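Hello,

Here is the structure I promised to pass on to you. Please have a look at it first, and then read on for what I found.

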Amino acid sequence: MTPVAAPASTTYFSVVLDQAKEDLARRGVPIFDFGIGDPIEPTPPFIRQALIDALSPVSQYPTIVGQRRLRQAVAGWAQRRLDVTLDPDTQVLPAAGSKEAIFHLPLAIVGADEQRRRLVYPSPSYPVYEGSARFSGCIPHPVPLSEENGYRLELDALGPEVLSQTCIAWINYPHNPTGASIGLDYLQRQVEVARAHKILLCADDCYLDLYFTEQPPPGLLQVTQTGVLSFGSLSKRSGMTGYRSGYIAGDARVIATLKRARPNFGVGSQDFVQAAATVAWSDDAHVAERRAIFRAKRDRLAAFLTDRGYDVSGSQGAIYLWVKVPTADRGQAPWSEAERGQAPWSEAERGFFARLLEHGIVVSPGESFGKGGEGYFRLALVPSLEQIEQAIATWERITL
Ligand SMILES: Cc1ncc(COP(=O)(O)O)c(C=O)c1O
């Protein structure tokens, strides 16, 4: 038997970061953790209260279709946010976080005898698209994104041969890790290509409500609800990463297939989490507050970096800043020879990250999101504004 390989770069990346953080903590160096995208702002009290109120003395299995009021709340959000009418019974499913929904998608819908096995996704990207392809026996097909074309994945550019072998294509805007955003015309173009080649087009809409622009970014469901799925999440939108709650919405035929497949995965969302999710999707005021917090952090850090001569691109939404590694740097990396062989990033980049790390500043090397991220790094807007001021004071003292 040959075990399925987990994507090597991500495994290596988190291990290196964890080791580095442990080492810093041992040496008593204060840590400014811009590495992992897990915000620290508290979950709004009304959401926590809804969970507490729903905690029943008798605990029973949740269902895959979930509570109707939650599906209605997601449909209500789609109506307010996108001006789209979804049928809560046939077009919406709850998920135990969007990660599991993304991961399980090909397992649920790509049959063993399916000839079209390519799963297309951007590089750099959230690593789970690649993992889902590997574990389901699909062929991962990363598409390099570039700063020059605004980090847009254009399906048309893949050519008819690749498109004819593709079963699922992922797009994700606002994009993790670059924070890049797109307009409605972009989504219309991708829908046309996907439709012509019978590809299921999936939008990872994890950050749809988190943007730094004046206008909210458009959603794929605004273009069509046929042949497409949207995957949403309460994790960053409502400060609920630990609750594990998201949705899958869109094409009713695919949703019907997912309803049959997903009971196998054990991903029914707990009833008390669904109660909290229902009030979260029904309210937009707390999201506006969170947006303002992330925007203030983004503005402060972006101003600092730009002043220092860094090249900040993308960064129009999500909770990330995407920055070019200064090429002048040729520092000495502190990793051992053995580790060096496995390191997913270049010598110059390693020196740069090592220098930041020595001072407690933890960032994510771009290449940990795939080859397409090489030469960049991501700052997750997690530390508070106060901590950001301290991090900036430290960063100003580092000679890079
Ligand atoms: C692009 C993207 N999609 C999906 C997820 C998963 O979110 P959830 O917490 O809902 O599983 C994340 C989490 O960081 C993400 O960055």
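Leaving aside its neighbours within four places in sequence, Ser-230 touches Ala-203, Asp-205, Leu-221, Tyr-247, Ile-248 and Ala-249. Please keep in mind that this is a predicted model. Ser-230 sits in strand 7, which runs over residues 228-233. Is Ser-230 buried or exposed? Its relative accessibility is 1%, so Ser-230 counts as buried, the cut-off for that being under 20%. Tyr-247, already named among its contacts, also has a polar contact with Ser-230, side chain to side chain, at 2.8 Å.

Next, the ligand. Which residues are closest to the ligand? Of the 14 residues that surround it, the closest are Asp-204, Tyr-207, Ser-233, Ser-235 and Arg-244. Ser-233 belongs to the residue range of strand 7, 228-233, and one of its polar side-chain atoms lies 2.7 Å from an oxygen atom of the ligand. For Ser-235, an N or O atom of the side chain is 2.5 Å from a ligand oxygen. With Ser-98 the backbone takes part: a polar backbone atom there is 2.8 Å from an oxygen atom of the ligand. On its own the ligand has 400 Å² of accessible area, and the protein covers 92% of that.

Stepping back, the protein chain is divided into two parts: domain 1 (8-41 + 286-397) and domain 2 (47-283). Taken over C-alpha atoms, their centres are 27 Å apart. Where the two meet, 31 residues of domain 1 are in contact with 31 residues of domain 2.

Finally, do look at helix 10, residues 285-307. Just after helix 10 comes Gly-309, with a positive phi of about 90 degrees.

How values were computed
Residues numbered from 1 in each chain as written. Predicted model: local features only at pLDDT ≥ 70, side-chain atom pairs only at ≥ 80, totals over all residues. Heavy atoms only, no water. Helix = DSSP H or I, 4+ residues; strand = E, 2+ residues; numbered from the N terminus. Expected span 1.5 Å × (residues − 1). Near = heavy atom within 4 Å. Polar contact = N/O pair within 3.5 Å; in protein donor to acceptor, adjacent residues only side chain to side chain. Areas by Shrake-Rupley, 256 points an atom, 1.4 Å probe, with all protein chains shown as cover. Domains from an automatic or database assignment. Contact = heavy atoms within 4.5 Å. Buried < 20%, exposed > 50% of the residue type's maximum accessible area, 1.4 Å probe, protein only.
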